[in-house]
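Colleague: I am new to this structure and would like to go through it with you. Could you show it first?

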Amino acid sequence: MSSPGSPPELSIGIVGSGGDGVVLLGELLAHSAVAAGLYCYMDKVFGPQIRGGESSAILRISREEVLRSADELDVLLVLQWADLARFSDVLSLAGNALIFCSSEDETSPAAAGLPAGHHGPVISLPLKQLALEHGRSKQARNMVLLGALSGLLDWYPEQLSAVLARRMQRYDERSREHNLAAVAAGRDALAGWQEGPLPVLPTADAAPELVLASGNELLARAALASGCRFMAGYPITPASEILEYMNRRLPTLGGTCIQAEDEIAAACLTLGAGLGGVRSMSATSGPGMTLKSETIALAGMAGLPLVVVDVQRCGPSTGIPTRTEQADLYLALHGAHGDSPRIVLAAAHQADCAELATQAFELAGRCHAPVILLSEQQLAQGLATLPAGGIPDNTEPPPGWPERSIGSAAQVQLTGLEHDDKGRPLSDAASHEANALLRQARVDKALGSVPALQHGALEAELGLLCWGGSYSVCREALALAAARGVTAGMLCIRMLSPLDREAVQAWLQRQQSLVIVEMNHSGQLHDYLRSRLDLPEITMSLRRSGGRPWRLAELEEFLVSHGLIPQALEARP
Amino acid sequence: MSSGALFRNATEPVWCDGCGDFHVLDGLCAALEGLGRDPRQVALVSGIGCSSRLPGYTNAHGFNSIHGRALPIATGLKLARPELDVIVTAGDGDIFSIGAAHLMHTVRRNPPVTLFVMDNGVYGLTKGQQSPTTPAGTQMRTAAQPVQEGSVNPLSLMLSLGCGFIAQAYSADPARLVELMQQAIEYPGFSFLNILSPCPVFRGGMGIYKELRRSTQDLQQGGHDPQDPRAAAAVLADPAGIPVGVLYRR
């Protein structure tokens, strides 16, 4: 299986317009690499347009587990040069990158932002002509590109055939023939191509059974496996896939999925089902979270379990709905009037979306409190590779949330008014204070149940502290620091409320210097921790707004410029 | 008529003297007891307002939630616990103003949930502001000028939305109220009963009772056929008075 000279990894970018089949092409490549035993990570980055806007897939194929896309691309597939210009902020080419493009394109590569220093091979094909001639449709250009790339690089042939055949089952006979003819045309067009050195594909030593999944899919599947039998949601990017997945699966498990009339109704329907003892959840993004905040606080006041997922995107207001950010931490922690404690979890990577969804249902039921699970566009829509058994798939009868639910033998009286233990309204200051304590105590029952992820040295010269999707780039920065002779460690906090102060403080005490890494403008984690913990004297905040995933080079530059790690000995090629 | 004692708990309501909601509470307890319901099989869900305190005065399950949101909470509960009778007890501000969007979609979803609106045409809890059902020209104590905006006609609204059971009652006519409540509870889909439940403190004084008694017209006494949607529309287009009874039943 393994070839001696196999490189550790390969990175591929595909850009086009919505409807060009960019994501489909990316998925075919990703699934075939994974079937060949390799790890693949695939970011999906979209423009805001409904149809026809720019669309890109960024793949990283590796012999080892990868949780983010690479800084630089080794191969670029361009359906239209004009679309590359619109992704200049997320795509960066290696100098020797292999490029496939269309010879019919009116925009010149230079005008599209192809760097002057690029010296790799540029393969220009009449994509449209080949697509029309063999695929009988302009839409088949992605298939022509697939043929060209897979033929030239010898892309995992057996696996690709199988993946392609499986995908084509969805098409009718004619479309299937046309698509396969377009793939063959792309391959034939480059038969005998000899010029220039070509990238070599990584190959796996063994073929572990791996699968690709997005954070949204993993979260939804874990919710079902945790007994969730009710979901209400409202369409919102980038959380809609959770609603769509549950809509397909819940009815087959005897559950209910409702597309609500608005975000508030979605939260209230979910709360009502929880009141009836059925494990339930709602999923949304920032704008929806804002609207749900009153209902979330009601759950805390009435002592009802409620699970709400917030797949973060760029805000405020409508922001950039299709792009990633981590700027809803304040909203999740404090988004309601009054003292309104809640449990806040944040997923660090795709598999963690599943792990924390499982925890969210357990904690909501045990603590009788609202649980907010934070995800991010990048984790939610991006695909990561997991061991085949890593996807939760339990369909046992659901356990429910029986305690205090309506339908049990005892009378249940609940209210959002301040109240006594029988649910009778009251309005004296002493009871209000006592109940505030009680509500906090419910949330505090979760303490310690979701430990932070800790890697690298415990006793470190450099400590990296992060939350959510900043996890993956911090892990790579850790390896970078170690390679430069710096003892480094990291901690990724997954339960932001209640905050396990003791555990985080104990870790902080062993760091000589600290960098808090997060993808928001205001430094929300930094400020939150500063208000609750003693941070080391040397504490720095590395933060920026979202809109594009982290590049390792950003962390490297920060750490070098602040003297936390030395410059690389030799410039990278 | 049943006494309703099985459903009524010992808590003293916060309502003012002369409030129509006392009759609604008594009527609901009597209606449920008369139907032979067990308090453990009934859940009352409310929002915010004077009327929304009602669930806490009963031995049924109760949830006094947030302003305007009783309908989606009740729908979620009914879907989770279909064996329960789920009844929303709400006010006109709750249902026709802050939570108005949910009305249309609850009708569309048609869950077997019953909605009782205690319609007093005023925001009582906040002491006398105009509500969506306050008639134009009414002088509220909280405003410098009489109400300028037109008002919502709950019956026309529900008929236009396609609700399967639409009725109106008058709180001070207990026998008819209980009868209409029972029909609404027994209806197999989403049912709506608008209950004219006066607030003499903030709208109209005690004289409003006399005025309502004079101007209500019982539809069934007038031979109205509730199965006929065109007849329902005709009643609303040319009302002889304030209609009471079943306007429409699909």
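Predicted model: local features only at pLDDT ≥ 70, side-chain atom pairs only at ≥ 80, totals over all residues.

Colleague: Over how many bridges do β10 and β11 of chain A pair?

Modeller: Strand β10(A) covers residues 280-284 and strand β11(A) covers residues 306-312. They pair in the parallel sense, and the number of bridges is 4.

Colleague: Which strands stand at the edges of the open sheet of chain A?

Modeller: The open sheet has 7 strands with mixed pairing, in the order β9-β8-β10-β11-β13-β12-β19. Neighbouring strands are turned by 20° against each other on average, direction ignored. Two strands have a single partner strand each, so one side of each is left without a neighbour in the sheet. These edge strands are β9 (256-259) and β19 (495-497) of chain A.

Colleague: Which helix packs on the sheet and touches β8, β9, β10 and β11 of chain A?

Modeller: The helix spans residues 240-249 of chain A, and its direction makes about 140° with that of β8(A). Another helix, α12(A), lies across β11, β12 and β13 of chain A, running at about 170° to β13(A). The one that touches β8, β9, β10 and β11 is α8(A).

Colleague: Is helix α9(A) largely enclosed or left open by the rest of the structure?

Modeller: Helix α9(A), residues 263-275, has 13 residues and reaches 18 Å from its first C-alpha to its last, close to the 18 Å expected. A residue is buried if 20 or more other C-beta atoms lie within 10 Å of its own. By that cut-off 13 of the 13 residues of α9(A) are buried, so the helix is largely enclosed.

Colleague: Which residue with a positive phi follows α9(A)?

Modeller: The helix α9(A) ends at residue 275. The residue that follows has a phi near 90°, and it is A:Gly277.

Colleague: Which element gives the most to the side of chain B that touches chain A?

Modeller: On this side, 26 residues of chain B are in contact with 33 residues of chain A. The elements of chain B that give two or more residues are β2 (61-64), α2 (70-80) and α4 (100-109). By class, the side has 12 nonpolar, 11 polar and 3 charged residues. With 8 residues, the element that gives the most is α2(B).

Colleague: Which residue of β2(B) stands opposite A:Gln413?

Modeller: Strand β15(A), residues 413-415, is joined to β2(B) by 3 bridges, and the two strands run parallel. Opposite A:Gln413 stands B:Gly62.

Terms used:
Residues numbered from 1 in each chain as written. Chains lettered and ligands numbered in written order. Contact = placed C-beta atoms within 7 Å. Nonpolar A, V, L, I, M, F, W, Y, C, P; charged D, E, K, R; others polar. Pairing = 2+ DSSP bridges. Axes fitted to C-alpha atoms, helices over the stretch in contact; angles between N-to-C directions. Expected span 1.5 Å × (residues − 1). Buried ≥ 20, exposed ≤ 12 C-beta atoms within 10 Å, placed from the backbone.
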